Amino acid sequence: MQLFSGSTNLPLARKITGILDIPLGITQITEFPNRETRVWVTEERIHKDVAVVQSFSGDPNKAIVEFCLLVDALRRSGAKTITAVVPWMGYSIQDKIFRQGEPLSSRVVADIIQSVRPDRIITVDLHNEAIQGFFSVPFTHLTAVPLFLERFKKLTIDCVVAPDVGALKETTKIASQLGLPIVILNKQRDLHTGEVRIIGSKGDIEGKTALIMDDFISTGGTIIQAADFLKTQGVQKVIMGASHHLFVAGVQEKLAKSALDELYITDTVAMPEADKAFHGQLPTHVVSVAELIAQELKD
Ligand code: R5P
């Protein structure tokens, strides 16, 4: 097998090739003067099974186009099979139609990426596991939760907090595996402004160390409001685990200034160099999914 990468998560692609001891295919990804994406797979003939690693992060629209052009170029270069490794499935947040006149965007994106006929798709911690139903090709849905649990079992944690009822299912799984009680927060998000408010909780939290697990961090609004609320309720320490940190501009700095004490994330989305500067203020631990994905590619 040979692995190729789009431009959004080269560090993860390099970790995977290192584990599998396979070459990282050479591609040139540039732009034409009119800003159209330009892809060139420099190897002329590729009579191998290939995998393409691309998170739909950063500029998700550009990332999706890059992915499609790269898969098409590999197909035309003779690749035998093409496995799409999409650690962060962008647009998976838009998995529902909230208002008349809205698209079902996660379905549209599923159709777009299937239009270049990947033979298989591998992703990590979908925002909604039902999104797998939007795909008609073999689809592997990996989860980073066991990797987090390995870390959390070594920590002193008193309770697991669900930031909203949507997170209750995942939180319950984690709480039961850690043998800890659950606290549920009542979160409200303004559909127009995106602003988040936490207005209540259920569970004993005074003086505790609380763990909040969520699938992703985008604006940081949920975790910042939740951490602030928990501290006002007497919680001593707030630790957060999130599979995907989308590194929206300025969010890591906001998290560093918030009531959050420690952050565990994965490397499904590449961490911008500038954000590493805040690790002194907010201890941030990266749990890599490289081994998880490499094992899946081996099977
Ligand atoms: C909600 O469904 C998500 O799982 C997160 O709780 C939340 O939406 C993350 O977004 P943000 O960081 O913007 O609050």
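1. Phe67 is buried, at 1% relative accessible area. Buried means under 20% relative accessible area, exposed means over 50%, and partly exposed lies in between, with a 1.4 Å probe and protein chains only. Phe56 is buried too, with a relative accessible area of 1%.

2. A word on the basis. This is a predicted model, where local features need pLDDT of at least 70, side-chain atom pairs count only at pLDDT 80 or more, and totals for chains, interfaces and linings use all residues. Residues are numbered from 1 along each chain as its sequence is written, and side-chain values use heavy atoms, with hydrogens and water left out.

3. The structure has 5 aromatic pairs. Phe56 and Phe67 make one of them, edge-to-face, at 5.6 Å centre to centre and 70° between the planes. Rings of Phe, Tyr and Trp (its six-membered ring) pair if their centres lie within 6.5 Å; planes under 30 degrees apart are stacked, over 60 edge-to-face, and the rest tilted. This pair joins distant parts of the chain, 11 residues apart: Phe56 sits in the loop between strand E4 (50-53) and helix H2 (60-76), and Phe67 in helix H2. Helices (H or I, at least four residues) and strands (E, at least two) are DSSP runs, numbered from the N terminus.

4. Phe152 and Tyr264 also pair edge-to-face, with 5.2 Å centre to centre and 80° between the planes. The pair links distant parts of the chain, 112 residues apart: Phe152 belongs to helix H4 (residues 145-152), Tyr264 to strand E13 (residues 262-266). Both Phe152 and Tyr264 are buried. Together with Phe148, they form one aromatic cluster.

5. Check Thr140 in strand E7 (residues 139-142). Thr140 counts as buried because its relative accessibility is 16%. Leaving out residues up to four places away in sequence, Thr140 touches Arg120, Ile121, Ile122, Thr123 and Glu296. Contact here means heavy atoms within 4.5 Å.

6. Now the ligand. It has 13 residues around it, and Asp214, Asp215, Thr219, Gly220 and Thr222 come nearest. A residue is near a molecule if one of its heavy atoms lies within 4 Å of it. A ligand oxygen is 2.6 Å from a side-chain N or O atom of Asp215. For Thr222, a ligand oxygen is 2.6 Å from an N or O atom in the side chain. At Gly220, a polar backbone atom is 2.8 Å from an oxygen of the ligand. The protein covers 86% of the 370 Å² of accessible area that the ligand has on its own. Accessible areas come from the Shrake-Rupley method with a 1.4 Å probe.

Definitions and conventions: A polar contact is a pair of N or O atoms within 3.5 Å; within protein, one must be able to donate a hydrogen and the other to accept it, and residues adjacent in sequence count only if both atoms are side-chain atoms.
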